[in-house]
Amino acid sequence: MRARLRGAGVILAGLCLIAGPVACGEAGGVHEPGRPSGGPVRIGVLLPDNTSRFYKFDRPLIEKEIHRLCRECTVETVSAQHDVATQQQQMDAMITKRVEVLVLDAVDSKSLRSSVDDAHKAGIPVVAYDRLVEGPVSAYVSFDGAKVGKLQGEALLKALGSKVHNGQIVMMNGASTDPNSAWFKRGALAALQGKVKIGKAYDTAGWRPENANLNMSAAISALGADTIIGVYSANDGLAAGIISALRAAKIDPLPPVTGQDAELAAIQRIVKGDQLMTVYKPFTPEADTAAAMAVALGRGKSLGTITTHKVNSPTTQGIPAVLLTPIPVTVHHIKDTVVRDGMYTIGQICTPKFAAACLKAGLTR
């Protein structure tokens, strides 16, 4: 298990206090009708896949914190393998099992609405994790998406410098079915519009790198390789597809390309100079907050002192939420962000392939 973030102990202490004694594994609390007093709280965690950061990093953190806060709680975690129908079936199964609360990172925020409605009718609260699903959710935890997009846009403008008026950029946004994608886009446009020409913009189906690669190839053909001075990429996976297309077109040097999620491959691309930056979203505070919300809701407690914001979805107004602060990472900030926080070691980043670039970047053991 990776090391916890600096300050996480303070965050956890605050969550422990505001979630109430039961959320910290002590006795007491208000119980839902029909469940025996002191009975175990069953929590279902539904993730979109088992390949991304959500399964590798967030899942074990959520499970560990739930068990720390609530010793008698049981957790069942499932992955939908990027498939909407699979996640709907998983939701149905957990509703049938009458779990006390669900933590849901939806594959598709619109398509899962009916399942959220079914959970609500069954009296099962839903915590929307990282992505705000439609329907009557009880709580939401994520990072400030507008801030993410703004950080990306500002970093791209800074990298372009005086070249900003000498060409155009391509915007590679995320999937149109993901409300986070629109959130990131709004933040990015707030930084970019009026300051640089946007030659082409795409919504990338399924957030898939191969689709970003096809879109980027189309943009190069339409705009001309010599006119593209930068690429706004909504996340690291898209950045991989974009950079592959740029290399296939023999564009050298590569224009600056943004990213998000601090994936290991992206950190290595940043060290090498292929990718400009990424946005790091510390997983521990997000996972810990979701765990505190789930335990509190499972015990029939209010979230009034846990949540700090109110957000709206297309279907539901005033959803109690916690919006955390994202962190930009360039080559100069790798050591004091993802390495310091235990996400990756220098050894994991600086494999023999990247040894020379790491030495140049000052990334040594």
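**Helices, buried residues and backbone geometry in a predicted model**

The structure is a predicted model, in which local features require pLDDT of at least 70 and side-chain atom pairs count only at pLDDT 80 or more, while totals for chains, interfaces and linings use all residues. Residues are numbered from 1 along each chain as its sequence is written, and side-chain values use heavy atoms, with hydrogens and water left out.

The protein chain contains 13 helices and 12 strands; these are DSSP runs numbered from the N terminus, helices being H or I of at least four residues and strands E of at least two. Of its 365 residues, 55% count as buried, where buried means under 20% relative accessible area, exposed over 50% and partly exposed in between (1.4 Å probe, protein chains only). Among contacts (heavy atoms within 4.5 Å) in the protein chain between residues at least 6 apart in sequence, 73% join residues at least 24 apart.

Helix α10 spans residues 283-298 and has 16 residues. From its first C-alpha to its last, α10 reaches 22 Å, close to the 22 Å expected at 1.5 Å a residue; the expected span is 1.5 Å times one less than the number of residues. Helix α10 is mostly covered, with 16 of its 16 residues buried. Helix α5 (residues 145-160) also has 16 residues, and its end-to-end C-alpha distance of 23 Å is close to the expected 22 Å. In α5, the buried residues are G145, V148, G149, L151, Q152, G153, A155, L156, L157 and L160. The elements covering these buried residues of α5 include strands β5 (139-143), β6 (168-173), β8 (228-233), β9 (278-280) and β12 (327-329), together with helix α6.

Helix α6 (residues 179-192) holds S181. With a relative accessibility of 4%, S181 counts as buried. Apart from neighbours within four places in sequence, S181 is in contact with N173, G174, A175 and W207. The C-alpha atoms of S181 and D203 are separated by 8.4 Å, although these residues lie 22 apart along the chain.

Two packed helices are described by the angle between their axes and the distance between the axes. The axes of α7 (residues 209-223) and α8 (residues 236-248) come within 7 Å and cross at roughly 40°; axes are lines fitted to C-alpha atoms, for helices over the stretch in contact, and angles run from 0 to 180 degrees between N-to-C directions. This angle makes α7 oblique to α8, given that angles under 35 degrees count as roughly parallel, over 145 as roughly antiparallel, 65 to 115 as roughly perpendicular and the rest as oblique. On the α7 side, the contact is made by P209, A212, N213, M216, S217 and I220, and on the α8 side by G237, L238, G241, I242, S244, A245 and L246. These residues divide into 8 nonpolar, 5 polar and no charged (Ala, Val, Leu, Ile, Met, Phe, Trp, Tyr, Cys and Pro count as nonpolar, Asp, Glu, Lys and Arg as charged, and the others, Gly among them, as polar).

The loop between α8 and α9 (264-272) includes P253, and the peptide bond from D252 to P253 is cis, with omega near 5°. K250 is placed in the loop between α8 and α9 and has a positive phi near 60°, in a residue other than glycine. K250 is exposed, with a relative accessible area of 73%. Phi of D130, likewise a residue other than glycine, is positive and near 70°. D130 is located in the loop between β4 (126-129) and β5 and is buried, with a relative accessible area of 3%.
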